[in-house]
Amino acid sequence: MAKYLLQDAGVNWLAILALLTFTAVFALALVLVLFRRKGSYREVERQPLRDSYYLLLLAPAPTPAYPGPLGGLTELQQVAAFVMLIVFLLGCWSLIDLCFQLMARQRARLIRQHRPALLRHVELEQLEPARAWWQRLYERLTDAVPIEEEAAIVLDHEYDGVRELDNNLPPWWKGLFYATVAFAPLYLYYAEFSDFAVSNAEAYATEMTLAEAQVQAYLATQENTIDESNVMLLEEANAISAGQRVFQAKCAPCHGKAGEGGIGPNLTDRYWLHGGALTDVFRTIKNGVPDKGMIAWKNELRPRDIQEVASYILSLQGTDPPNGKEPQGDLFTAQTFK
Amino acid sequence: MTQLHKSPPTAGLEHFTYDNRIVKYFAYATSLWGLVGMSVGLLAALQMVFPALNITAETTFGRIRPLHTNAAIFAFVGNGIFMGVYYSLQRLLKTRMFSGTLSYLHFYGWQAIILAAALTLPLGITTSKEYAELEWPIDIGIALVWILFGINLFGTIARRRERHLYVAIWFYIATWVTVTVLHIGNSLELPVSLWKSYPLFAGVQDALVQWWYGHNAVAFFLTTPYLGLMYYFLPKAANRPVFSYRLSIIHFWALIFIYIWAGPHHLLYTSLPDWAQSLGTVFSIMLIAPSWGGMLNGLLTLRGAWDKVREDPVLKMMVVAVTAYGMATLEGPLLSLRSVNAISHYTDWTVGHVHVGTLGWNGMLTFGVLYFILPRIFRTPLYSRRLANVHFWMATLGVIFYAVPLYWAGWTQSAMWKQFLPEGILQYGNFLETVDAILPLYALRAFGGSIYLAGVVLMVYNLVRTVRRGKLVANEAAAAPPLSDSPAGHRGEYWHRWIERRPVQLLVGATIVVLIGGLAEIFPMVMVESNVPRIAAVQPYTPLELEGRDLYIREGCNNCHSQMVRPFRSETARYGPYSMSGEFIYDRPHLWGSKRTGPDLHRVGGKYLDSWHFEHLMDPQRTSPGSIMPPYPWLLDRKLDVTDLPAKIRTLQRLGTPYPARYDRRALEDLRRQARDVADGLRESGVDDPELAEKEIVAIIAYLQRLGTDIQPESQGTPQN
């Protein structure tokens, strides 16, 4: 069989290998789908398509609303079903094509055996040697006149010795050009006029809504979110040193490396502009004081980070570092710390 | 089509000479400016890693970067174009250049413009518009020299002995006319004084015109003339016929028509109306095939000559150049897709991308042409083929070592900008963290660039030795039959031959084709008011802010800081509400920027104290440890020059900024008052300078504090159309 296919019929072994692989993979996929317990692919259903799948597409993810025969499936299943369908149709086509080729070759063999004179008549004499489909495809897509024959297509003009050939436009290039030109009105319609058209501003609004929902969902899973109503002073060394690290990175440029003050006020004395209780300090760091130039850090620091850095700041009380800035604000008494 | 007509034997040959001296001049100029431009580029690259290299005001990155781009584009590539055109044009038309005087006026005029650029840009005399930074007197100079070149080009064509124009010359003609249109369109500006002007368009419209220009400067200064050079020098060097005549026709017309439209892809997700952005995207996608038509015709011409490519450094250079062209022109359209652009824009990905084009395509093609021309006009073999081969490898590796770290840096930084913690806050809320992460890659980039530059040094040595060995054939003898009609008539010829023997029609046709795209986009933007929705709260800049803004332009802050918050969660969380087109109507010129080496500044107003800005400008490291921004101590040393203020107010009024009538007489008073307020505030926080109110730093702080404060954040609750 193999010898017949390879030598008599001239079918390339790569084609056979591809066909066998395809059949095997397809059979395996069928088995997996049919015999899988239903519960196990529920997991798949629960996975929403991540944004990143849309990275190379042109628009933000459309909102899920699927009419039609695939309506009951998730996006992932729809894509999978579509790909499977295409693979299946391609497989069928290649099987049918193979059958026809084998039949043609068998006919040619029989005619050659019994009525060789008839060969020319049925136009089968050129049948061998067969070239693989990708060789034919390559030649069809490139369509260049071979170098040996190019004398026939040299144009009758020359410029300072430069001559030009009259090769056809490479068909693959032409196809690419047509495809991109066809893409243009489709995309313009899709992006500007269709029901799916999403302006940049609308896409932004959607992004913000989704993100807000995600953040809320996450926060709902977190117990005891720290805020100014329940924040506690931390005293363990780990927390204080973590607070110190944050302080050096974010606060020291304005408040000094030792909290002695600079652009911002001195943090080591007992005078405070916006209150010296832990809850006050926490709130000042979190929301900032825009009029006075204190930045709101809630977009950069997590509540736990703010708690640590606030605790560190209060641990600086009375350290009296050199070059301390003069006191600003009101005297704050120590008993309210806790 | 296959039979060859011979010229009528009765015609007899005419004897004439080619002017090789002008080719030599331009060849020397492109080599010299190549060295200079790339050295300045290396300095800029090193400044990113070692901020201490920002030594004086004149050598800060903000002034060096435009110097580098101008030198690379207009000095190195510009002279490269003229070298190639003056060599090939004479030979393709079988005639000497139209006028020797014009040739040398062109040469010296162009070098004078380059010198003017090299002097004015470091002095801070700049329009801030990318690749068009030169101020209006130099703009006029450029226009004059360009017209001289045009007269010489068309005069030579008129005196040709070859009936039909070869494809290279189509590209030269399209280049000439389009650069003329672009240069005039983007330089529409009203002078305030000898070295200061304000553009005719403001804000979004200015941005669109600028990127119509900027994009097509790439197209018609860096691409089409070099395609012309490729069409002459590559088949000559390979001694092979051009692969496909019809391909060159289609890709020529498609390229020049489509290129013009694609400018808005530089403004995706900005305040430019969505429709213009979408046009930019689709025309960029349609550009893939026309661009690749050039690459294919180049590479396929080498069929049957690849054995020569292995041997010949000229062909090697050209092959990599054409390949780099193909890579860059595929990448460009991909970067024009909204979703890819959302990642790439403002990062080093763009910088890497353009350097594949300039170092790979323009640089290596120039080297190939230099190695081709100089031995020929000096009638001597190249001094050392081995050195040329070494140069080839240094150039190739240099491009790779340059580009790869920047791609990596771009992806890394973009990912860091967009990374949120599950709590909904930015993981890298401090912009500096994202800069620190890519500093090693900046160092690698500088390393790649220095390899490339070392290759150029090697080339210059090789060329100098070659020139010393030979003797210039200043007037190369040639002979050709006089121009005559085709004896067989034009029956049965390919239709495009018709226009190939009619340079005027070709010029007109090319002009029409390139005008369509620009007009279709710019006209509605300027004429239809709904494209820029007015915002009542947006007011003109106060005189002090205006002066501060001009200082911002002088220092080139826009080279590292954008002023355009895009509508992404990651940007509004970091910077504040996204920018809207109505906010920029008094911005002449727009300062949206194209690269964020530092954070966006559109919403920086009111974010920090005046004293923070003061400290930060004096020494960025003090407020932002690890910052790579240069310090600007001269802003405190220098007094603000207000002599032009009344003229500035009058110019802006003429352009439509609604200052009250005769405000030019009161502006100075307002400026002094606001400056005193800012200075008093600074003095309270300990700045000790008796003349503080008259110093430049006060003006720039006033401008920074004004930025983006006209609208209130809540006005952005609902999506606008």
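A salt bridge is here a side-chain nitrogen of Lys or Arg within 4 Å of a carboxyl oxygen of Asp or Glu. The exercises below apply this criterion and related ones to a predicted model.

**Exercise 1.** Determine how many salt bridges the rule finds across the interface of domain 1 of chain B and domain 2 of chain B, and identify the residues involved.

*Solution.* Step 1: chain B is divided into domain 1 (304–483) and domain 2 (543–715). Step 2: the rule finds one salt bridge across the interface of these two domains. Step 3: K595(B) is paired with D348(B), with 3.5 Å between the closest N and O atoms. Because the cut-off is 4 Å, this pair qualifies.

**Exercise 2.** Describe the extent of the interface between the two domains of chain B and the make-up of the domain 1 side.

*Solution.* Step 1: the C-alpha centres of domain 1 and domain 2 of chain B lie 37 Å apart. Step 2: in the contact, 23 residues of domain 1 of chain B meet 22 residues of domain 2 of chain B. Step 3: the two domains bury about 1700 Å² between them, and carbon and sulfur atoms carry 61% of it. Step 4: five residue pairs are in polar contact between the domains, both residues being at pLDDT 80 or more. Step 5: on the domain 1 side, at least two residues come from each of α12 (338–344), α13 (348–377), α14 (385–418), α15 (431–436) and α16 (439–469) of chain B. Step 6: that side comprises 13 nonpolar, seven polar and three charged residues.

**Exercise 3.** Characterise the interface between chain B and chain A by area, polar pairing and composition.

*Solution.* Step 1: 83 residues of chain B and 64 residues of chain A take part in the contact. Step 2: the chains bury about 6400 Å² between them, 63% of it on carbon and sulfur atoms. Step 3: R246(B), E423(B) and R569(B) supply 9% of the area that chain B buries against chain A, more than any other three residues. Step 4: seven salt bridges are counted between the chains; one of them joins R303(B) to E150(A) at 3.7 Å, N to O. Step 6: helix α8 (residues 274–286) of chain B gives the largest share of the chain B side, nine residues. Step 7: the chain B side divides into 44 nonpolar, 22 polar and 17 charged residues.

**Exercise 4.** Summarise the fold of chain A in terms of secondary structure, burial and contacts.

*Solution.* Step 1: chain A contains 11 helices and four strands. Step 2: of its 338 residues, 28% count as buried. Step 3: among contacts in chain A with a separation of 6 or more, 62% link residues 24 or more positions apart.

Key. Residues are numbered from 1 along each chain as its sequence is written. Chains are lettered from A and ligands numbered from 1 in the order in which they are written. This is a predicted model: local features need pLDDT of at least 70, side-chain atom pairs count only at pLDDT 80 or more; totals for chains, interfaces and linings use all residues. Side-chain values use heavy atoms; hydrogens and water are left out. Domain bounds come from an automatic or database domain assignment. Contact means heavy atoms within 4.5 Å. Buried area is the accessible area (1.4 Å probe) that two parts lose on being put together, summed over both. A polar contact is a pair of N or O atoms within 3.5 Å; within protein, one must be able to donate a hydrogen and the other to accept it, and residues adjacent in sequence count only if both atoms are side-chain atoms. Ala, Val, Leu, Ile, Met, Phe, Trp, Tyr, Cys and Pro count as nonpolar, Asp, Glu, Lys and Arg as charged, and the others, Gly among them, as polar. Buried means under 20% relative accessible area, exposed over 50%, partly exposed in between (1.4 Å probe, protein chains only).
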